[in-house]
Amino acid sequence: MKPNFVSKVSEFFVNYFSLSGQLVSQAEAEANIREGVSFRGPNILILILAIFIASLGLNTNSTAVIIGAMLISPLMGPIIGIGLGVGIHDFALLKRCVRNLVMAAGFSVIASTIYFLISPVNEQHSELLARTSPTIYDVLIGFFGGGAGIIALGSTSKGNVIPGVAIATALMPPLCTAGYGLATLQMNYFLGAFYLFVINSIYIAFATFIGVKLMKYKGVPTADNDRAVRVRRIVYSLAVLTMLPSIYLTYNMLRDSKFQAEAARFVQDECSFPDTQVLSRKAYAKDGVKYLTITLIGRTLPVDSLRLALESRLKFYGLAGTRLSFIQGGDGMSSGDKLSAPGVGDIYRIAQNTITRQQTTIDSLRTLLAVSRQSVIDAPEVSPEIKVVFPKISKIGISTTVFAAPSDDAAADTATVAIIHTKGRFPEAERKRLAEYLEARLGYKKVSVIEMQ
């Protein structure tokens with residue numbers, strides 16, 4: 001009973017996923033692929049026009065225009081041809097496809113560079129920025145897109161798969177972004193975008209190569225086996241080497257996404273104040289250090305107390321070590337004024353520095369005042385004891401003073417001075433004993449005794 005059930009389930013899935021009877025002949029599939037490999041005359045002109053359309057779409061940040069350009073572009077032909085050439089060991093086809101792809105990519109970058117050189121608008125839109133940081137997801141998109149493409153080309157029901165693959169794998173926009181990088185002398189744009197194009201091309205071709213093998217296409221009879229092995233090794237090596245940087249970029253992307261999510265959760269949970277609201281937040285990392293800047297609107301809060309209270313909570317959100325800062329505006333300004341008024345940031349920083357200096361001065365004065373008050377209290381407190389222990393002393397006063405040397409390089413020295421009036425001669429040994437007594441009795445580190453007749 002159980003084996004029968006398993007066989008029925010297996011048969012069910014085999015019937016749904018089987019390609020038997022759904023594939024065209026190898027000769028027909030090859031003819032369709034070889035037809036799209038050529039890049040001469042109309043194809044190269046269509047490619048250049050598609051590049052201009054895609055550049056316009058990137059320039060105006062229009063997704064619809066970019067999709068239209070990808071549908072027009074004939075770039076898929078030579079890439080799938082590379083996979084077919086490797087799969088059936090047709091090295092003449094492989095050479096022709098590589099040459100045509102290099103020429104097509106070169107013409108595309110030149111055309112987009114010319115466009116962005118003469119375009120009056122050179123702003124960095126999201127559609128441009130999205131083409132400069134390829135990740136492992138782009139590798140998977142290229143691979144699955146290439147797989148869908150070769151299955152469609154080898155089957156009887158092609159549908160609209162190839163145009164869909166062209167849109168999904170996005171071959172045109174990276175070339176346009178690379179041209180933008182050259183035109184604006186931003187090599188990070190050029191390298192990132194061109195790397196994305198290479199990823200898409202290699203993994204579309206790699207998926208095509210695997211599809212050709214799975215569909216058991218026969219190789220060229222005159223193929224050199226040793227050469228075929230070498231080519232396959234090169235293909236595998238390129239696939240792995242191309243994927244490695246994307247894994248690192250994916251790790252950085254996921255880490256940044258996690259940091260942004262944790263920062264958003266921290267601000268939402270912890271930054272809730274009665275008369276003050278969070279206007280915006282900015283979380284970013286620079287030189288390995290994480291920063292979180294929170295802009296507040298409403299009643300001004302004491303920044304030092306705010307930072308002290310919130311920094312201890314960062315560790316509970318995975319944000320330990322993040323540098324926290326706040327931006328606050330005055331109550332008399334609207335939120336728009338706070339963001340757009342010139343010099344608000346400078347005024348805020350100057351005010352903060354002034355407050356910090358004033359607070360330091362206040363703390364110093366408080367310390368001096370406390371010491372002075374203590375000295376006033378100490379003298380009457382020990383006076384009765386002094387009369388018993390040192391009967392020759394008639395009066396005593398205690399004060400804290402600062403001794404400064406005439407030299408500019410010498411550091412000032414703070415000391416406690418005990419001024420005494422005595423009845424008759426007061427020996428040096430007694431002065432020393434008095435100093436030690438006062439140091440022990442009142443807790444001073446250093447007491448100097450000055451005798452006045």
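Predicted model: local features only at pLDDT ≥ 70, side-chain atom pairs only at ≥ 80, totals over all residues.
Which residues in H10 meet which residues in H11? Residues are numbered from 1 along each chain as its sequence is written, and side-chain values use heavy atoms, with hydrogens and water left out.

On the H10 side we have Pro 174, Leu 175, Thr 177, Ala 178, Tyr 180, Gly 181 and Leu 182, and they meet Met 187, Tyr 189, Phe 190, Ala 193, Phe 194, Leu 196 and Phe 197 in H11, where contact means heavy atoms within 4.5 Å. By class, the residues of this contact of H10 with H11 divide into 12 nonpolar, 2 polar and no charged; here Ala, Val, Leu, Ile, Met, Phe, Trp, Tyr, Cys and Pro count as nonpolar, Asp, Glu, Lys and Arg as charged, and the others, Gly among them, as polar.

Now the geometry. Two packed helices are described by the angle between their axes and the distance between the axes. The axes of H10, residues 172-183, and H11 come within 7 Å and cross at roughly 160°, the axes being lines fitted to C-alpha atoms, for helices over the stretch in contact, with angles that run from 0 to 180 degrees between N-to-C directions. H10 is therefore roughly antiparallel to H11, given that angles under 35 degrees count as roughly parallel, over 145 as roughly antiparallel, 65 to 115 as roughly perpendicular and the rest as oblique. The crossing of H10 and H11 is left-handed, meaning that the near helix is turned anticlockwise from the far one by less than a right angle, whereas clockwise would be right-handed.

Leaving out residues up to four places away in sequence, Ser 55 touches Ser 112, Tyr 115, Phe 116 and Cys 176. Cys 176 is itself buried at 0%, as is Cys 97, also at 0% relative accessibility. The structure holds 0 disulfides, a disulfide being a pair of cysteine sulfur atoms within 2.5 Å.

Returning to H11, which spans residues 187-214, we find Ser 201 there, buried with a relative accessible area of 8% and, neighbours within four places aside, in contact with Ile 79, Leu 101 and Leu 171.

Glu 451, in strand S6, residues 447-452, is partly exposed at 23% relative accessibility. Its C-alpha is 5.1 Å from that of Ile 420, although Glu 451 and Ile 420 are 31 residues apart in sequence.

Finally, the whole chain: there are 16 helices and 6 strands, taken as DSSP runs numbered from the N terminus, with helices being H or I of at least four residues and strands E of at least two. Of its 453 residues, 38% count as buried.

Conventions
Buried < 20%, exposed > 50% of the residue type's maximum accessible area, 1.4 Å probe, protein only.
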